[in-house]
Amino acid sequence: MNRVMLIGRITAKPELRYTGSNIPYTRFSVAVNRTFSNNQGQRETDFINVVIWRKQAENVCNFLDKGSLVAVEGRLQTGNYDDKDGNKRYTMDVVGDNVQFLESKGQAQNRVNSSDTSYGYQSEPSYPTMDVQNDPFADFGDSVSIDDNFLD
């Protein structure tokens with residue numbers, strides 16, 4: 001079984017790209033705090049590469065920004081290539097099947113305007129309630145799951 005589940009913050013604004021056959025995709029990193037502290041009492045963060053495809057990639061690029069809190073569910077995919085010096089390099093990405101937006105645009109804007117510049121989450125994360133005034137998915141219930149397999 002190959003399943004990965006992440007909750008973290010996007011490290012840079014996702015950019016929409018297209019393959020040679022015009023299939024949309026985006027790549028971004030998610031900063032995920034570890035559940036334990038190091039010897040100095042600080043939590044370390046892992047930066048995990050994520051790839052999203054098709055309509056879900058378009059939605060991510062349209063509605064998320066640097067620092068947005070997301071949950072990503074997918075599978076781990078490894079690869080390799082030879083760099084310009086002929087050395088073999090190995091890659092590891094999470095191919096996201098499901099991305100859930102865990103804060104509304106209004107909450108994200110409030111976070112950006114506040115003095116909080118950390119992109120990690122607290123040791124006991126509190127998941128925000130949705131702001132119906134600013135939430136584009138408010139009419140769909142508590143959460144939205146966008147699955148490309150449903151569309152194919």
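Me: What is Arg3 in contact with, once its neighbours within four places in sequence are left aside?

Reply: Arg3 then touches Glu73, Gly74, Arg75 and Asp97, where contact means heavy atoms within 4.5 Å. Keep in mind that this is a predicted model, in which local features need pLDDT of at least 70 and side-chain atom pairs count only at pLDDT 80 or more, while totals for chains, interfaces and linings use all residues. Residues are numbered from 1 along each chain as its sequence is written, and side-chain values use heavy atoms, with hydrogens and water left out.

Me: What makes Glu73 and Arg3 a salt bridge?

Reply: The rule asks for a side-chain nitrogen of Lys or Arg within 4 Å of a carboxyl oxygen of Asp or Glu. The closest N and O atoms of Glu73 and Arg3 are 3.3 Å apart, so the pair qualifies. Glu73 lies in strand E5 (residues 69–82) and Arg3 in the segment before strand E1 (4–10), so this bridge ties together parts that are 70 residues apart in sequence. Those element names come from DSSP runs, numbered from the N terminus (helices, H or I, need at least four residues; strands, E, at least two).

Me: Why are Arg3 and Glu73 called partly exposed?

Reply: Buried means under 20% relative accessible area and exposed over 50%, with partly exposed in between (1.4 Å probe, protein chains only). Arg3 has 40% and Glu73 has 28%, so each falls in the middle class.

Me: How do you know that Arg3 makes polar contacts with the side chains of Glu73 and Asp97?

Reply: A polar contact is a pair of N or O atoms within 3.5 Å; within protein, one must be able to donate a hydrogen and the other to accept it, and residues adjacent in sequence count only if both atoms are side-chain atoms. The side chains of Arg3 and Glu73 come to 3.3 Å, and those of Arg3 and Asp97 to 2.9 Å, so both distances pass the limit.

Me: How many salt bridges are there in the whole structure?

Reply: The search finds ten. One of them joins the side chains of Asp46 and Arg34 at 2.8 Å, N to O. Asp46 is partly exposed at 29%, and so is Arg34 at 27%.

Me: Why does the pair Asp82 and Lys88 still count as a salt bridge?

Reply: Its N to O distance is 3.8 Å, which is within the limit and therefore counts. Lys88 is partly exposed, because its relative accessible area is 45%. Elsewhere, salt bridges with shared partners join Arg3, Glu73 and Asp97 into one network.

Me: What makes the aromatic pair of Tyr25 and Trp53 tilted?

Reply: The structure has two aromatic pairs. In one of them, the rings of Tyr25 and Trp53 are 5.2 Å apart centre to centre, with 35° between the planes. Tyr25 sits in strand E3 and Trp53 in strand E4, so the pair ties together parts 28 residues apart in sequence. Rings of Phe, Tyr and Trp (its six-membered ring) pair if their centres lie within 6.5 Å; planes under 30 degrees apart are stacked, over 60 edge-to-face and the rest tilted, so Tyr25 and Trp53 are a tilted pair. Tyr25 is buried, since its area is 18%, whereas Trp53, at 30%, is partly exposed. In the other pair, the ring centres of Phe63 and Phe101 are 6.4 Å apart and the planes meet at 45°, so this pair is tilted too. Phe63 in helix H1 (residues 54–63) and Phe101 in strand E6 (residues 88–101) are 38 residues apart.

Me: Are Phe63 and Phe101 buried or partly exposed?

Reply: Phe63, at 28%, is partly exposed, and Phe101, at 17%, is buried.

Me: Why is Arg9 called buried?

Reply: Arg9, found in strand E1, has a relative accessible area of 10%, so it is buried. Its side chain reaches the backbone oxygen of Gly67 at 2.8 Å, and a 3.4 Å polar contact joins the side chains of Arg9 and Glu103.
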